[in-house]
Amino acid sequence: MDTKQDNILKGIAAAPGIAIANAFIYEKEKESISDESITNVDEALQNLDSALAQSRKELRKIFSLAVDKLGEKRAAIFDAQIMILDDPILISTIQNRIKKEKKVPEFLVEDEISKYTRLMNASNESYMKERSHDIEDIKNRIIRNLKKKKLRSRILNDVVVITSNLSPSDTVLFARADVKGYVTDFGGLTSHAAILSRSLNVPAVVGLHEATNKIKDGDLIIIDGFFGQVIINPDEKQLATYKKKLEKLTEHDEELNKIKDLPSQTIDGREVKLLANLDVSTEMDFILHNRAQGIGLVRTEQLFEEHEEFPDEEKQYQIYKSIAEQIYPDVIIIRTFDIGGDKVLPVDLHEPNPMLGWRGIRLLLDSPDLFKVQIRAVLRASSHKNVKIMFPMISSIYEITESKRLIDECKKELSAEKVQFDKNIGIGIMIEIPSAAVMVKEFAQEVEFISIGTNDLIQYLLAVDRGNDIVSKQYQEFHPAVVRTLKHIISEGKKADVSVSMCGEMAADPFAVPLLIGLGLDSLSVSASAIPLIKKIIRSLNYKELQVLADECLLFKSETEISKHLHHFFNTKIQDLIKNLIRG
Ligand code: PEP
Ligand code: MG
């Protein structure tokens with residue numbers, strides 16, 4: 001494809017696939033609030049009610065978490081926000097104005113609440129000025145909830161969403177509206193929005209910088225999620241080319257379907273288990289269809305993004321049990337909430353560096369009530385002995401022993417309650433922080449298995465934000481430091497006799513797979529859609545050659561050398577079919 005044509009934008013290929021559809025420009029931040037008139041007053045009042053209820057729910061969730069972490073005093077901010085939502089004078093004023101002026105509720109919410117913030121800002125008291133930010137927050141929350149309603153009904157289906165930035169929750173929300181693809185100005189390959197697009201099988205190109213500038217609502221768009229390019233209003237030739245590519249893709253899918261029931265092993269008999277990552281519950285059918293040999297990572301925090309609040313123990317138990325039963329007798333690894341970072345932020349803490357902040361196991365150990373509810377639910381779902389539990393963001397031995405202590409506590413409680421569970425439930429940890437990689441020998445003594453989270457490991461090892469396209473060139477999975485760190489983790493893990501898997505996105509990169517197997521990984525956990533292709537690759541390789549390949553890569557000093565070596569290996573060893581698949 002000629003990328004010099006001026007209707008082509010180049011970005012980062014974030015989720016494979018091709019889509020041809022009309023553009024829908026989603027302006028999240030800049031959404032203007034118009035004073036549009038309404039015709040249906042009852043519907044507007046109802047929308048206001050639901051937005052207030054939703055905001056209340058969100059704030060309650062935030063409040064309960066904030067109490068644990070910040071203490072009653074600081075958490076009171078959120079309680080105060082809930083009180084504003086319940087202020088009868090404010091609410092009835094807005095309601096009356098909707099009835100009288102017949103304007104959209106978001107305009108009146110903005111107008112009424114802004115009166116308060118203006119007054120507070122005019123005050124000389126710094127305390128009052130600070131409070132005005134809280135009120136501003138609540139105003140934005142209500143407006144966002146009012147808008148979401150509108151958004152759902154506006155995005156019908158068959159559109160490509162064009163936006164400056166995509167959050168994980170947007171990704172799920174839009175996918176439910178049957179969106180055909182994503183195009184963003186910002187974002188990196190391993191941002192959670194990109195991972196989710198792959199899980200949801202929605203092609204995505206991110207980091208285009210000028211997509212929202214150049215693309216207009218309704219433009220016909222081609223997304224090429226293999227090459228990372230977007231074509232705006234394609235000419236006839238471009239359209240015909242891509243229609244043909246789409247046909248070819250279907251043929252390739254059929255080709256890959258044929259090996260579905262064959263084992264995932266190299267030509268010389270080395271078995272490499274292929275498991276699936278699960279982010280959204282709708283993936284389950286796909287996971288079974290593509291014959292995953294288990295579920296190597298359940299991102300529970302994503303799973304519950306589909307719910308309005310953290311589900312209680314019973315609800316979580318039902319969800320875990322259902323997944324465990326569907327995949328039985330294969331194993332499911334449930335990772336406890338990895339909240340924070342770029343994922344569902346439970347508390348509006350405005351952390352200066354969320355990726356280095358209150359995330360994963362740190363938040364869980366600071367919120368033992370929340371943590372124990374989840375542990376109990378996982379234990380209860382383990383009675384058929386095919387459930388394992390895994391902790392995210394481990395960086396110290398204390399975090400492992402303390403988590404295990406809480407598991408023991410939950411086990412005792414459940415035994416006393418005469419509830420069934422697997423007394424020997426497998427416990428594992430993610431190795432995704434450099435300190436854990438360094439300490440893997442000692443950490444491995446504490447657990448049954450380890451799983452390498454390359455998305456974070458690379459980010460923290462190289463000090464490169466995984467979601468920032470500006471530094472995407474520096475986010476290098478073939479950096480010698482990454483390859484050598486992987487080698488260290490795998491060898492030390494094996495010496496300690498634990499199983500070593502990888503569930504980061506690197507495991508689904510066709511060019512990385514020969515290296516990873518050569519380094520000795522026992523299993524790979526990838527998004528369900530990647531399983532057939534990765535299996536096809538594994539089945540075309542010779543383990544003995546891969547060990548040599550890995551040893552060669554360990555000697556190189558630069559990313560360029562390793563990358564070149566792996567591409568050369570791939571091009572000479574892997575069949576044409578796979579090359580075609582990757583190149584579209
Ligand atoms: C990882 O960091 O590689 C990983 C699998 O976890 P997540 O992408 O959810 O942070
Ligand atoms: Mg991670």
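Predicted model: local features only at pLDDT ≥ 70, side-chain atom pairs only at ≥ 80, totals over all residues.
Reader: What makes glutamate 101 and arginine 97 a salt bridge?

Author: The N to O distance between their side chains is 2.7 Å. The cut-off is within 4 Å, so the pair counts as a salt bridge. Both residues lie in helix α2, residues 88-101. They are four residues apart, about one turn of the helix.

Reader: Why is arginine 97 called buried?

Author: Arginine 97 has a relative accessibility of 15%. Buried means under 20%, so arginine 97 qualifies.

Reader: And why is glutamate 101 called partly exposed?

Author: Its relative accessible area is 34%. Buried means under 20% and exposed over 50%, so glutamate 101 falls in between.

Reader: How do you know that aspartate 178 and lysine 180 form a salt bridge?

Author: Their side chains meet at 3.4 Å, N to O. The limit is 4 Å, so this pair counts too.

Reader: Are those two residues buried or partly exposed?

Author: Aspartate 178 has 40% relative accessibility and is partly exposed. Lysine 180, at 28%, is also partly exposed.

Reader: Which residues are joined into one network by salt bridges that share partners?

Author: The network holds Glu313, Glu314, Lys372, Arg376, Arg380, Glu402, Arg405, Glu409, Glu413 and Glu417. By the 4 Å rule, the model has 35 salt bridges.

Reader: Why is serine 540 called buried?

Author: Its relative accessibility is 11%. That is under 20%, so serine 540 is buried. Serine 540 sits in the loop between α20 (531-539) and α21 (543-553). Its C-alpha is 9.9 Å from that of proline 514, and the two residues are 26 apart in sequence.

Reader: What makes helix α6 mostly covered?

Author: Eight of its eight residues are buried. The helix spans residues 192-199. Among the buried residues are His192, Ile195, Leu196 and Arg198. Asparagine 201 follows α6 and has a positive phi, near 65 degrees.

Reader: Why is strand β11 described as largely enclosed?

Author: Four of the five residues of β11 (residues 331-335) are buried, so the rest of the structure largely encloses the strand.

Reader: How do you know that β11 pairs with strands β10 and β12?

Author: Count the bridges. Pairing needs at least two. Strand β10 (residues 294-299) is joined to β11 by four bridges, so they pair, and they run parallel. Valine 298 has isoleucine 334 of β11 as its bridge partner.

Reader: Which residues make up the patch of negative charge on the surface?

Author: Glu247, Glu251, Asp253 and Glu254 gather there. Asp and Glu count as negative, so the patch is called negative. One of its members, glutamate 251, lies in helix α8, residues 236-257.

Key: Residues numbered from 1 in each chain as written. Chains lettered and ligands numbered in written order. Heavy atoms only, no water. Helix = DSSP H or I, 4+ residues; strand = E, 2+ residues; numbered from the N terminus. Buried < 20%, exposed > 50% of the residue type's maximum accessible area, 1.4 Å probe, protein only. Patch = residues over 30% accessible without salt bridge, like charges linked within 9 Å, V, L, I, M, F, W, Y side chains within 5 Å. Areas by Shrake-Rupley, 256 points an atom, 1.4 Å probe, with all protein chains shown as cover. Charge placed at Lys NZ, Arg CZ, Asp CG, Glu CD.
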